[in-house]
Amino acid sequence: MRLIRPSPFMRLLFPEAIFRIEEAEKELYLTFDDGPDPESTPGILDILEEHDAGASFFCLGEAAERYPELVSRIKSNGNVVGNHGYRHLNGWITNTSVYIRNINRAAGFTSANLLRPPYGRMRPSQYRELIKNYRIVFWDLMPYDFDSSMSAETILKLLRKKIRPGSIIVLHDSKTSSVLSFLGEFIRYAGGEGYTFRILTG
């Protein structure tokens, strides 16, 4: 079963985390996880620039360390880089101290302020420590662009139906994502509906 929106239980478990910008009017927040990637990042940035839209890129520390020129390009276009851990660890099955070290190791290559937990999975003990130093961001809308069984047409229909003011949309900056096949069309659609795109910051 696909959860397009997070379970309400998550909002209770992580009360200070950000899921949606509640006070926003017709504004959307694009976010991209798992990059930077030389096969996907340049194309995403080209589309964003073409449509004068910005985004937050939650980068893996090991990828950011490997491709610093892509991190620089993300930032030079006015986008924001966030922390997605050095490696993509599942907090549910990772020791708390190991998990926190993984996040902090990534901070020097990504962000020491803005964090998205890999898989959106973290234990309350990890949350309690990390919320002291990071703005923790989950999402309001997950269209499953990483799922090869989801066509670009299906994803577009889902996005058109489910976006709402203040939605934080999680997409993926990776070669396995279909994002390049629908991103431009989605941005045009949302703009036509009166939405503007804003950038999450730390």
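Trainee: Which residues of helix α7 are buried?

Mentor: In this predicted model, helix α7 covers residues 152–162, and its buried residues are I155, L156, L158 and L159.

Trainee: Where do those buried residues fall, seen down the axis of α7?

Mentor: They fall within an arc of 160°, so they line one face of the helix.

Trainee: And which residues are exposed on the other side of α7?

Mentor: E153, K157 and K161 are exposed there.

Trainee: What covers the buried residues of α7?

Mentor: The cover includes strand β6, residues 168–172, and helix α8, residues 183–192.

Trainee: Moving on to L45. Where is its place?

Mentor: L45 sits in helix α2, which runs over residues 41–50.

Trainee: Is L45 buried or exposed?

Mentor: L45 is buried, because its relative accessible area is 1% and the cut-off for buried is under 20%.

Trainee: What does L45 touch?

Mentor: Leaving out residues up to four places away in sequence, L45 touches F57, R73, I74, N77 and N79.

Trainee: How many residues apart are L45 and K75 in sequence, and what about in space?

Mentor: They are 30 residues apart in sequence, and their C-alpha atoms are 10 Å apart in space.

Trainee: Now R105. Which helix is that in?

Mentor: R105 belongs to helix α5, residues 96–107. With a relative accessible area of 45%, R105 is partly exposed.

Trainee: Which residues does R105 touch?

Mentor: Y86 and R87, again not counting residues up to four places away in sequence.

Trainee: Let's zoom out. How many helices and strands are in the protein chain?

Mentor: The chain has eight helices and seven strands. Its radius of gyration is 16 Å, close to the 17 Å that the globule rule gives for 202 residues, so the chain is as compact as a globular protein of that length. The C-alpha trace spans about 45 × 40 × 35 Å along its principal axes.

Trainee: What percentage of the residues count as buried?

Mentor: 53% of the 202 residues.

Trainee: And what share of the contacts with a separation of 6 or more comes from residues 24 or more positions apart?

Mentor: Those residues account for 76% of such contacts.

Trainee: What about the surface, and the charges? How many positive and negative side chains are there?

Mentor: The accessible surface comes to about 9300 Å², and 50% of that belongs to carbon and sulfur atoms. There are 25 positive and 24 negative side chains, and the centres of the two sets lie 7 Å apart.

How values were computed
Residues numbered from 1 in each chain as written. Predicted model: local features only at pLDDT ≥ 70, side-chain atom pairs only at ≥ 80, totals over all residues. Heavy atoms only, no water. Helix = DSSP H or I, 4+ residues; strand = E, 2+ residues; numbered from the N terminus. Rg over C-alpha atoms; globule rule 2.2 N^0.38 Å. Buried < 20%, exposed > 50% of the residue type's maximum accessible area, 1.4 Å probe, protein only. Contact = heavy atoms within 4.5 Å. Areas by Shrake-Rupley, 256 points an atom, 1.4 Å probe, with all protein chains shown as cover. Lys, Arg positive; Asp, Glu negative; His and termini not counted. Charge placed at Lys NZ, Arg CZ, Asp CG, Glu CD. Arc of directions from axis to C-beta.
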